[in-house]
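Subject: Structure for you to look at

Hello,

Here is the structure I said I would pass on. Please open it beside this message and read the two together.

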Amino acid sequence: MGRPERPLLEVAGLEAGYGPVQVLRGLSFHVDPGEVVVILGANGAGKTTTLRAVSGMIAPRGQVAVDADGKVIAPGDMKAQAEAVFYNLRLILREAGGSFEDVVKLTHYVVDLKPEHRPVITEIRNRYVNQENPPASTMIGVPALVMDGLVIEVEVVAVIDESRAKYLS
C-alpha cells in the first residue's frame with residue numbers, strides 16, 4: 001500500500017523565527033490521512049514554533065512598557081503604559097505580517113486592578129482592536145509585575161493567514 005495522493009498536511013522547507021532569530025531551517029514533513037505524527041525535542045528545539053508557523057498563530061507574550069534600554073516607561077502611569085504596550089504590540093504583529101484584526105485573544109495583567117482602570121485600558125485597547133468582531137478579552141489583577149513601576153502587561157494570541165505571515169517561507 002503506497003502513500004496516498006494527497007496528504008492532509010505537507011510542509012516543505014519551513015523557515016520560521018522571531019525577529020532576527022531564526023528558529024526553524026528547512027523543516028519538511030507530511031501527515032497522511034489516518035496517520036499520527038508526533039513532534040519531539042528538547043526545550044527550545046522549535047516544537048511550539050513549528051506548530052505556530054504551520055497554523056499561522058503567534059502569541060507575543062508579556063508585553064510591558066519598557067524603552068529600548070529596558071527602562072520602565074512612565075512608572076505607575078496606567079494610561080501611558082497601556083498606550084506604549086498596545087503601540088508595541090501593533091509593531092510586533094506587523095513584523096509577523098499581521099495586525100490587530102488577527103488577534104483572537106487578549107489577556108491584560110493589571111497591578112492592583114481597580115474599577116477605574118477598566119475604562120482607561122478599554123479606551124486605548126478599542127483604538128486597536130476590531131470593534132465589530134472583538135477578540136476574547138480578560139483583565140486580571142496581580143500584586144506586581146516583573147519590574148518596579150510597571151502597572152500593565154498584555155498578552156495576545158493572533159492567527160495570521162499563511163499568505164501574509166512573514167515568518168513562513
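Below are the notes on what was found in it.

This is a predicted model, in which local features need pLDDT of at least 70 and side-chain atom pairs count only at pLDDT 80 or more, while totals for chains, interfaces and linings use all residues. Residues are numbered from 1 along each chain as its sequence is written, and side-chain values use heavy atoms, with hydrogens and water left out.

Overall layout

The chain has three helices and seven strands. Both are DSSP runs numbered from the N terminus: helices are H or I with at least four residues, strands are E with at least two. In sequence order the pattern is β-β-α-β-β-α-β-α-β-β. Of the 169 residues, 38% count as buried. Buried means under 20% relative accessible area, exposed means over 50%, and partly exposed is in between (1.4 Å probe, protein chains only). Among contacts (heavy atoms within 4.5 Å) between residues at least 6 apart in sequence, 69% join residues at least 24 apart.

The cores

A nonpolar core is a set of buried Ala, Val, Leu, Ile, Met, Phe, Trp, Tyr and Cys residues joined through side-chain atoms within 4.5 Å. The largest one has 21 residues, and those with the most contacts inside it are Phe-86, Phe-100, Val-103, Leu-106, Ile-152 and Val-154. H2, E5, H3 and strand E7 (152-159) each supply at least two residues of this core. Its largest share, seven residues, comes from H2. A second, separate core has six residues, among them Val-64, Val-142, Leu-145 and Leu-150.

Aromatic pairs

A pair of aromatic rings is described by the distance of the centres and the angle of the planes. Rings of Phe, Tyr and Trp (its six-membered ring) pair if their centres lie within 6.5 Å; planes under 30 degrees apart count as stacked, over 60 as edge-to-face and the rest as tilted. The structure holds three such pairs. In one of them, the ring centres of Phe-100 and Tyr-128 are 5.3 Å apart and the planes are at 50°, so this pair is tilted. Phe-100 sits in the loop between helix H2 (78-95) and strand E5 (103-111), and Tyr-128 in the loop between helix H3 (117-126) and strand E6 (136-142), 28 residues apart. Phe-100 is buried at 5% relative accessibility, and Tyr-128 is buried at 18%. Together with Phe-86, these two residues form one aromatic cluster.

Salt bridges

Side chains of opposite charge can pair when their charged atoms come close. A salt bridge here is a side-chain nitrogen of Lys or Arg within 4 Å of a carboxyl oxygen of Asp or Glu. By this rule there are two. Which residues does Arg-127 meet? One partner is Glu-83, at 3.3 Å from N to O. Glu-83 lies in helix H2 and Arg-127 in the loop between H3 and E6, so the pair ties together parts that are 44 residues apart in sequence. The other partner is Glu-123, at 3.0 Å from N to O. Glu-83 is partly exposed at 28%, Arg-127 at 45% and Glu-123 at 39%.

Regards
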